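Here are my notes after going through the model you sent over. Have the coordinates open while you read, and take the points in any order.

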Amino acid sequence: MNKSFAAIISCLFAFSVAALAQPLPKIELVPVFPKLQDDHPVWMSEAPDGSSRLFVVYRSGKILIVKKGSDGGGAKEFLNIEDRQPSVDNECGLLSIAFHPDFKTNGLFYIYYNQKNPADQHTQPQNYPIRSVISEFKVSASDPDRADTNSERILLEVQQPFSNHKGGELAFGPDGYLYLGLGDGGAADDPFGSGQSTSTLLAKILRIDVDSKTRLGRGPGARQYQYGIPTDNPFFLEPDMGDRGARKEIWAYGLRNPWRFSFDRKTGALWAGDVGQDLWEEVDLIVRGGNYGWSVREGAHHFKPGPRGAQYIEPVIEYPHRPNLRQQAIFPDHSIGLCVIGGYVYRGTKFPELEGVYIYGDYNLGTIWGLRYDYDAKTVATHGTLLEQKKNITSFAEDADGEIYA
């Protein structure tokens, strides 16, 4: 495994941004942190404070700081929670970091990690073995390059029945709210029907307010949340039935395992790569209250019986696991893959020929694709392969300048 990050750069001439149907350019990968040699980096974010510090997240439970433009050799340890053993299994671990929009002044940031439940701690009504933890931390008062590990405030814990399909990204949207992606809980075939159930947080993208707290219910049964629930969330006005009713944190549902989502910094559109199961991978545009079909559908195709006449939002693009399925795809000329990695719409300045191209890839094959989307016509104007290479891609990343990394 190549342990260094690589910036996506183009090797073709520029094109007119308005020409949505122009052929896509080819790109290449150039290592940017050759001396950053720790195992299993899964995420990277730049602090929104003008310091040019990139925070690299490792599944084992640590976060390192590297300076943009350096070779990575002077990396500093910002946070270490390896003693909490977040890497319960292959898809668990410390999976992302998100900085508060006012990080420069308040020093607050948020992480997503997983932990085993103690053997004697029953999580009724099911004895789930794992939980996902979303926590707020603060930077040390004496060292801006160190987190205060004693400052943890747990916002949310989500019980997990299996060790896979954890989703795991946190990101603040243009509206200042924190968005969270969660998989369906794991195993295969969505055994608990989480995808189409609004009474669980699994198989969802959630939207919460970290700057307030919501209290629901009355009397002895009242529940105080460590976060606020925006009143324009799609299920906010549903009757309060506790764990039996619609969860008001939900922004969108019907997702199997949203592994990496991002906001287009120009349009605000929310893009997500949703990892498929047996046959199909998909990329979605996430909208308020959207139902993306899992597990009634995999991609745009039937998977399990569902309500007659139910409406689901079609993928923006999908691709199959096998060549013989390509003719059934929305775009039959899309090449195959096995595990989609959601990326970013390029809004940097170094490579104008990539302006507006949504860049995404495949973990197993290493292929990197791109598409241009016409937001007015609500259709893909053009798509294609940007690079064929064989190194596994676990995530893409975007810095403050809009440049993209793999």
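A word on burial before the points: a residue is called buried under 20% relative accessible area, exposed over 50% and partly exposed in between, using a 1.4 Å probe and protein chains only. Keep in mind that this is a predicted model, where local features need pLDDT of at least 70 and side-chain atom pairs count only at pLDDT 80 or more, while totals for chains, interfaces and linings use all residues. Residues are numbered from 1 along each chain as its sequence is written, and side-chain values use heavy atoms, with hydrogens and water left out.

1. Cysteines. With a disulfide taken as a pair of cysteine sulfur atoms within 2.5 Å, the count here is zero. C92 is in no disulfide, and its nearest cysteine sulfur, on C339, is 15 Å away. C339 is likewise in no disulfide, with the sulfur of C92 as its nearest, 15 Å off. C339 counts as buried because its relative accessible area is 16%, and C92 is buried at 0%. As a reminder, a disulfide is a covalent bond between the sulfur atoms of two cysteines.

2. The second largest pocket. Grid points are joined across faces, edges and corners, and a volume is the space filled by probe spheres set on the points. The second largest pocket holds about 680 Å³. Its lining has 27 residues, and those nearest the centre are E46, A171, F172, R265 and E398.

3. Where that lining comes from. Strands are DSSP runs of E, at least two residues long, numbered from the N terminus. Strand 3 (41–46), strand 7 (96–99), strand 11 (170–172) and strand 17 (258–263) each give at least two residues to the lining of the second largest pocket. Strand 3 has the largest share, four residues. If Ala, Val, Leu, Ile, Met, Phe, Trp, Tyr, Cys and Pro count as nonpolar, Asp, Glu, Lys and Arg as charged, and the others, Gly among them, as polar, this lining splits into 16 nonpolar, five polar and six charged residues.

4. Aromatic pairs. Rings of Phe, Tyr and Trp (its six-membered ring) pair if their centres lie within 6.5 Å; planes under 30 degrees apart are stacked, over 60 edge-to-face and the rest tilted. The structure has 21 such pairs. One of them is edge-to-face, Y110 with F172, at 5.6 Å centre to centre and 65 degrees between the planes. That pair links distant parts of the chain, since Y110 is in strand 8 (residues 108–116) and F172 in strand 11, 62 residues apart. Y110 is buried at 0% relative accessibility, and F172 is buried at 16%.

5. Y360 and W369 make a tilted pair, 5.5 Å centre to centre with 35 degrees between the planes. Y360 is buried at 0%, and W369 is buried at 1%. Both belong to a cluster linked by ring pairs, made up of W271, Y319, Y358, Y360, W369, Y373 and Y375.

6. R260, worth a look. What sits over the ring of W259? The charged end of R260 does, 3.9 Å from the ring centre; the rule asks for NZ of Lys or CZ of Arg within 6 Å of the centre and within 35 degrees of the ring normal. R260 is found in strand 17 and is buried at 2%. R260 also has a positive phi of about 90 degrees, although it is not a glycine.

7. Other backbone points to check. Most residues other than glycine have a negative phi, and most peptide bonds are trans. S52 has a positive phi of about 60 degrees, lies in the loop between strand 3 and strand 4 (53–58), and is partly exposed at 27%. A cis peptide bond, omega about 5 degrees, joins W294 and S295.

8. Cavities. There are two of 30 Å³ or more.

Methods:
1 Å grid on protein atoms, 1.4 Å probe; cavity = no way out; pocket = protein on both sides within 12 Å on 5 of 7 lines; lining within 4 Å.
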